[in-house]
2 protein chains.
Amino acid sequence: MKALIVHAHPEPQSFTTSMKDTARRVLEAQGYDTVVSDLYAQQFNPVASASDFGSRKRDDYLVYALEQRNGFETSSLAPDIAEEVDKLLAADLLVLNFPFYWFSMPAILKGWIDRVFLSGPLYGGVRFYDKGGLRGRKAFVTATLGGRPHMFGPKAIHGEINDMLRHLLRGTLGYVGYDVLEPFYAYHVPYLPEDERRKIMDDFETALRGLDTRPALSFPSLDNFDGELFPLDHLAVAK
Amino acid sequence: MKALIVHAHPEPQSFTTSMKDTARRVLEAQGYDTVVSDLYAQQFNPVASASDFGSRKRDDYLVYALEQRNGFETSSLAPDIAEEVDKLLAADLLVLNFPFYWFSMPAILKGWIDRVFLSGPLYGGVRFYDKGGLRGRKAFVTATLGGRPHMFGPKAIHGEINDMLRHLLRGTLGYVGYDVLEPFYAYHVPYLPEDERRKIMDDFETALRGLDTRPALSFPSLDNFDGELFPLDHLAVAK
């Protein structure tokens, strides 16, 4: 089994960076062949642009998804993208490890998705959700944040935490077919004393050892929609 | 009244780019003093990092929000950030205009938020939502996407479209205090014939002329939570 850990934190001494190291160690101890993309260390360019394509299908007008498909088919993607695509397509397990920036990912990780999650091999037409290109694989979001657990939940100030990450959990990882495991959230990290941080890291290790049985989030099945994506039976649609 | 339009599309001939031009023209015709940040044209750097700060509060360890506050107070933010902060703080109306990339913004715009939405003047401690630093101002999200209207809604394949953008509408714009106007979504744009695109642009003009009475989304009030952000009365909490 192969794992890809994509890590995005600008401070090498941070707790989030330690989580990346813990994830690598624990996954390797479980027999995963593990690769890390440390986006800040790589100085990864997150800006999707025309220069991502060595040869263009249409030179006069950029349709990014069209050029992604063409670039993949003709092996003419920019080398920094092609390298990440190879890692992604080889991985049975994808771990995204990052600090919350505005209830989402830091831009460097958002741009990794924009540029590496290719139209074509990952999705296209009605190949998404449970028909997505990466179905059968697992994705695990592991994130740190300043907020405390009581700030999230049905009656809490920010509502459900997974709802804030819906664009990532469902709209991105679920969309391309992953089994999206229940995320691991390290709450309030910047404000915690050392012993409480250590407790969170222990919980994280336990979570990493239990990935085989960790519950996955549920998303709609395309079987419940027609070819134009109108619902066949609204009762069968996942919330 | 001043407006800032932040635009993020890599193709200058795109419909999204035309929307930016329409927004500028219509807002100016209504008397707005209008400034545009065209992030691709500016080659805006979206990666939050230590080099965003001319002088550091802590040289040994990067706490990004801490350095934002210090950088703002001591006028030592990187010039490209300081310029955007000045535009943002001058604007009564913020328009974010972009194509959907993974049910969210392109990374170049996400990074504009990461770097320009400063801890300190925009939020801090329990100054957020209706106590946020930009309360009393308006924000308007105007976006294009490939999906069709029937793909969004309570029984639809992707659920509610505003729920996908929750991290932006509530977790970012609402968080810093904006009145977040109901977004304008231009559906299915890449696949539409010219007459249908023109109809959407007409609807967009109408929307821009009606901003004064356009409904705003509702978010929680901090008045319903205590100083530690526990709910005072769960019945009063917005969904």
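This is a predicted model: local features need pLDDT of at least 70, side-chain atom pairs count only at pLDDT 80 or more; totals for chains, interfaces and linings use all residues.
**Close-up views of a two-chain model**

**View 1**

**View 2. How the copies meet.** Of the interface residues of chain A, 98% are interface residues in chain B as well, so the two copies meet through the same surface.

**View 3. The largest nonpolar core.** Welcome to a set of 118 residues. Those with the most contacts inside this core include L96(A), F98(A) and W112(A) from chain A, and F98(B) and F117(B) from chain B. W112(B) belongs to that group too. Leaving aside residues up to four places away in sequence, W112(B) touches L4(B), V6(B), L39(B), F44(B), E84(B), L88(B), L94(B), L96(B) and F117(B). In soluble globular proteins, nonpolar side chains tend to be buried together.

View 4. Look for Q68(A) in helix α3 of chain A, which spans residues 64–73. Is Q68(A) buried or exposed? Its relative accessibility is 3%, so Q68(A) counts as buried, the cut-off being under 20%. The side chain of Q68(A) has a polar atom 3.3 Å from the backbone oxygen of D114(A), and this side chain also reaches the backbone nitrogen of S119(A) at 3.1 Å. Beyond four places away in sequence, the residues that Q68(A) touches include F53(A), L77(A), F117(A) and Y123(A).

Methods
Residues are numbered from 1 along each chain as its sequence is written. Chains are lettered from A and ligands numbered from 1 in the order in which they are written. Side-chain values use heavy atoms; hydrogens and water are left out. Contact means heavy atoms within 4.5 Å. A nonpolar core is a set of buried Ala, Val, Leu, Ile, Met, Phe, Trp, Tyr and Cys residues joined through side-chain atoms within 4.5 Å. Buried means under 20% relative accessible area, exposed over 50%, partly exposed in between (1.4 Å probe, protein chains only). Helices (H or I, at least four residues) and strands (E, at least two) are DSSP runs, numbered from the N terminus. A polar contact is a pair of N or O atoms within 3.5 Å; within protein, one must be able to donate a hydrogen and the other to accept it, and residues adjacent in sequence count only if both atoms are side-chain atoms.
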